[in-house]
Amino acid sequence: MAAGISPIGNPSDKGSPSDGDDTSGGQSSEKQPSVQSHWIVRASDSNDFQYAPIAAEMLLRASQTDDIAARSTYLLSQKITAGHAALALDGEQLVGFGYLARWKDNTVSHSGMIVLEDYRKFGVFRELKSILMDIAEREFADCDLISLTCSPAVKKVNEQLGYTVTSLVALTDDPEFWKGCQGCKNFESVNKPGSNCEVNSLGTRCCCTAMRLYRHEE
Ligand SMILES: CC(C)(COP(=O)(O)OP(=O)(O)OC[C@H]1O[C@@H](n2cnc3c(N)ncnc32)[C@H](O)[C@@H]1OP(=O)(O)O)[C@@H](O)C(=O)NCCC(=O)NCCS
């Protein structure tokens with residue numbers, strides 16, 4: 001299936017973001033999307049470069065509170081203009097983002113997955129993931145999909161797509177992938193002496209769950 005514009009989502013269809021058990025701190029009512037708010041989710045293209053610094057800022061902010069690494073504007077700009085990113089847009093406002101990265105051992109990750117707090121729990125991530133799955137299917141059909149996450153939402157959607165939990169060393173041995181962990185707020189603490197977090201192929205530690213979608217039988 002080609003990536004494209006998904007059906008319009010409307011936050012008012014699913015109630016208030018603070019109705020659920022969101023552990024992100026809840027939302028004040030004035031911060032909630034208005035009933036007129038809606039978003040589309042689509043693959044990026046070469047005209048979308050202006051979203052790179054905004055996505056970088058979203059990730060930087062999230063990296064201070066959530067288990068996600070910051071990414072540079074330069075990297076995100078490359079991903080966006082190559083058509084290897086998914087954008088969730090409410091009008092012209094970027095409200096969700098994610099991108100694909102191919103690693104040297106024929107694996108592809110969906111990385112930098114972020115949804116603004118006011119837009120969480122409405123299925124935006126699920127739609128971003130669907131777009132990235134379509135791009136991977138089209139452009140990287142020879143690759144397994146990998147995921148490194150502490151997020152219950154990401155684990156849930158991954159499992160539903162057929163990903164299974166694996167060890168960190170079985171995820172990828174590309175050092176560039178693991179270097180990305182250095183932008184995570186937990187990197188220092190999980191790599192202190194005495195840490196019981198798992199070791200990856202680079203020899204550093206990580207407490208996220210490794211998941212892999214095997215697309216080719218050995
Ligand atoms: C993780 C994140 C991207 C999820 O975005 P989202 O748009 O809220 O996710 P969705 O609404 O598509 O939810 C997908 C599923 O996960 C569930 N879910 C969402 N948040 C959840 C939570 N905190 N705990 C448990 N399940 C959750 C949803 O109910 C949904 O399942 P359902 O369709 O059966 O109801 C968002 O919370 C976020 O940006 N977090 C901060 C950055 C981060 O941690 N990114 C992931 C790095 S690996």
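The model we are looking at is predicted, and in it 22 residues surround the ligand, the closest being Arg 120, Phe 125, Thr 149, Pro 152 and Ala 153. The elements that contribute two or more residues to this shell are β4, at 107-115, α3, at 124-139, and α4, at 152-161, and of the whole shell it is α4 that supplies the largest share, with five residues. If we sort the shell by class, we find 12 nonpolar residues, four polar ones and six charged ones.

Stepping back to the protein as a whole, its secondary structure amounts to six helices and nine strands, and 36% of its 218 residues count as buried. Of the contacts between residues at least 6 apart in sequence, 69% join residues that are at least 24 apart.

I would like to finish with helix α2, residues 73-81, in which Leu 76, Lys 79 and Ile 80 are buried. These three lie on the same side of α2, because they cover an arc of only 100 degrees around the axis. As a reminder, an α-helix has 3.6 residues a turn, so residues three or four places apart point the same way. The cover over the buried residues of α2 includes α1, at 52-63, together with β2, at 85-90, and β3, at 93-103. Just after α2, finally, comes Gly 83, which takes a positive phi of about 80 degrees.

How values were computed:
Residues are numbered from 1 along each chain as its sequence is written. This is a predicted model: local features need pLDDT of at least 70, side-chain atom pairs count only at pLDDT 80 or more; totals for chains, interfaces and linings use all residues. A residue is near a molecule or strand if its C-beta atom, placed from the backbone, lies within 6 Å of it. Helices (H or I, at least four residues) and strands (E, at least two) are DSSP runs, numbered from the N terminus. Ala, Val, Leu, Ile, Met, Phe, Trp, Tyr, Cys and Pro count as nonpolar, Asp, Glu, Lys and Arg as charged, and the others, Gly among them, as polar. A residue is buried if 20 or more other C-beta atoms lie within 10 Å of its own, exposed if 12 or fewer, and partly exposed in between; C-beta atoms are placed from the backbone. Two residues are in contact if their C-beta atoms, placed from the backbone, lie within 7 Å. The arc is that of the directions from the helix axis to the C-beta atoms.
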